[in-house]
Amino acid sequence: MGLILASTSPYRKNLLERLQIPFRCLSPETDETPLPGEAAAAVAGRLALAKARSVATQHPASLVIGSDQVAALGTVVLGKPLDHARASAQLAACAGKTVHFYTGLALCCIERGIEETHVEPFSVHFRPLTAGMIDNYLRREQAYDCAGSFKCEGLGIALFESLSGQDPTSLEGLPLIALTTLLARAGHPVLA
């Protein structure tokens, strides 16, 4: 039985490598469009499961990990900004406020009938930020491919006043504490 990460994200790949277990990465075929009125946590859980199922159908004997992260400022979902202007606007909107992150996690194996999901919440309270601070940050660390427009594992940590949650790896995109639990339940304990 192999282990597959249903993602091509270098961030998730780097996180899973911390567990020092063999795995491979495959790209899931998943429509990531939120459903009308769907809450951020529900989107994260649904998409994580859809990604895992997408790859598991092609590899039914493998354990497949799916993950998705959704950031919300109030009821507004913050996507990946993709460019400097949108990242600046996103960080300006977050300045002095709390952003809630929901990282969905799913583990599937079709042959063994395994299908588990988990959504890990994590909150980030941003410092008050000036336009100059935001521009300086984005010029030094172009976090254009990250929901929320920052990389907490890098210079982005300087944008925050406080963090709140049980698993800091969830903020990076893959909740390793919850994943370790799901893998153990599936008979694939990390420290065996």
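Strands β3 and β4 (residues 76-78) pair in the antiparallel sense through three bridges, where strands are DSSP runs of E with at least two residues, helices are runs of H or I with at least four residues, and both are numbered from the N terminus. Two strands are taken to pair if DSSP finds at least two bridges between them. The model is predicted, so local features need pLDDT of at least 70 and side-chain atom pairs count only at pLDDT 80 or more, while totals for chains, interfaces and linings use all residues. Residues are numbered from 1 along each chain as its sequence is written, and side-chain values use heavy atoms, with hydrogens and water left out.

Strand β1 (residues 3-5) runs parallel to β3 and is joined to it by three bridges, with L5 placed opposite I65.

Strand β3 (residues 63-73) is largely enclosed by the rest of the structure, because eleven of its eleven residues are buried. In a regular strand, side chains alternate between the two faces of the sheet. In β3 both faces are covered: one side carries the buried residues L63, I65, S67, Q69, A71 and L73, and the other carries V64, G66, D68, V70 and A72, also buried.

D68 is also part of a network of salt bridges that links it with E32 and K51, a salt bridge being a side-chain nitrogen of Lys or Arg within 4 Å of a carboxyl oxygen of Asp or Glu. The structure holds nine salt bridges. In the bridge between E32 and K51, the closest N and O atoms are 3.6 Å apart. This pair links distant parts of the chain, with E32 in the loop between β2 and α2 (40-56) and K51 in helix α2, 19 residues apart. E32 is partly exposed at a relative accessible area of 45%, whereas K51 is buried at 6%.

A salt bridge also joins the side chains of R18 and E172 (3.1 Å, N to O). R18 lies in the loop between α1 (10-17) and β2 (24-25) and E172 in helix α5 (residues 168-172), 154 residues apart. R18 is partly exposed, with a relative accessible area of 46%, and E172 is buried at 19%. Between R86 and D83, the closest N and O atoms of the salt bridge are 2.7 Å apart.

Four aromatic pairs were counted, on the rule that rings of Phe, Tyr and Trp (its six-membered ring) pair if their centres lie within 6.5 Å, with planes under 30 degrees apart counted as stacked, over 60 as edge-to-face and the rest as tilted. F101 and F150 form an edge-to-face pair, 5.6 Å centre to centre with 80° between the planes. F101 lies in strand β5 and F150 in the loop between α4 (131-140) and β7 (160-165), so the pair ties together parts 49 residues apart in sequence. F101 is buried, with a relative accessible area of 1%, and F150 is buried at 4%. The rings of F126 and F160 are also edge-to-face, with centres 5.4 Å apart and planes at 90°. Ring pairs link F101, F126, F150 and F160 into a cluster.

Technical notes
Buried < 20%, exposed > 50% of the residue type's maximum accessible area, 1.4 Å probe, protein only.
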